[in-house]
Amino acid sequence: MRLLREWLSPVQRMQFTKKGYFEVVGSDTGRQYRIYPGTMSNICEVDEKGRPRLGLCFRTMGDLPMGDVMLAQKIALENCESSALTVARSFIPGVFMFRQGRLLG
């Protein structure tokens, strides 16, 4: 988690501390994504009002610590969004799936 926090921008670090997630902008489409703590099914595309629109599931191969997986997801979306979306599985997020209750602090 320390490495992840070092790679977050000041705004992302503040979001993660206060809200339990951070947002990234896709490199190819400019879409906004929210990354929640977790290693799978922890990303959602948000609309212009910040509402979850589409859930995404993609992760690293092998078992890595949660912070490393989240960092890889951040880097992938910010630098090679199209490639990440090619391997991602999408799903319709449930009412309680993406909420502030998943705070890590």
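This is a short walk through the fold and a few surface details of the structure above.

Hi everyone, thanks for coming. Please keep in mind that this is a predicted model.

Let's begin with the sheet. It is an open one, built from 5 strands with antiparallel pairing, and the order reads β1-β2-β3-β4-β5. At the edges sit β1, residues 22-25, and β5, residues 89-91, and each of these pairs on one side only. From one strand to the next, the twist averages 30 degrees.

If you follow the sheet towards β5, you meet β4, residues 52-57, which is joined to β5 by 3 bridges, the two strands running antiparallel.

Now, what lies across β1, β2 and β3? That is helix α3, residues 66-79, which runs at about 30 degrees to β1.

Staying with β2 and β3, have a look at the loop between them, where you will find Ser 41. Most residues other than glycine have a negative phi. Ser 41, though, has a positive phi, near 50 degrees. Ser 41 counts as partly exposed because its relative accessible area is 28%, which falls between the 20% and 50% cut-offs.

Last stop, the surface. Leu 3, Trp 7 and Ile 75 make up a nonpolar patch there, and together they have about 280 Å² of accessible area. Leu 3 belongs to helix α1, residues 2-7. With a relative accessibility of 41%, Leu 3 is also partly exposed.

That's my tour, and I'm happy to go back to any part of it.

Conventions
Residues numbered from 1 in each chain as written. Predicted model: local features only at pLDDT ≥ 70, side-chain atom pairs only at ≥ 80, totals over all residues. Heavy atoms only, no water. Pairing = 2+ DSSP bridges. Helix = DSSP H or I, 4+ residues; strand = E, 2+ residues; numbered from the N terminus. Axes fitted to C-alpha atoms, helices over the stretch in contact; angles between N-to-C directions. Contact = heavy atoms within 4.5 Å. Patch = residues over 30% accessible without salt bridge, like charges linked within 9 Å, V, L, I, M, F, W, Y side chains within 5 Å. Areas by Shrake-Rupley, 256 points an atom, 1.4 Å probe, with all protein chains shown as cover. Salt bridge = Lys/Arg side-chain N within 4 Å of Asp/Glu carboxyl O. Buried < 20%, exposed > 50% of the residue type's maximum accessible area, 1.4 Å probe, protein only.
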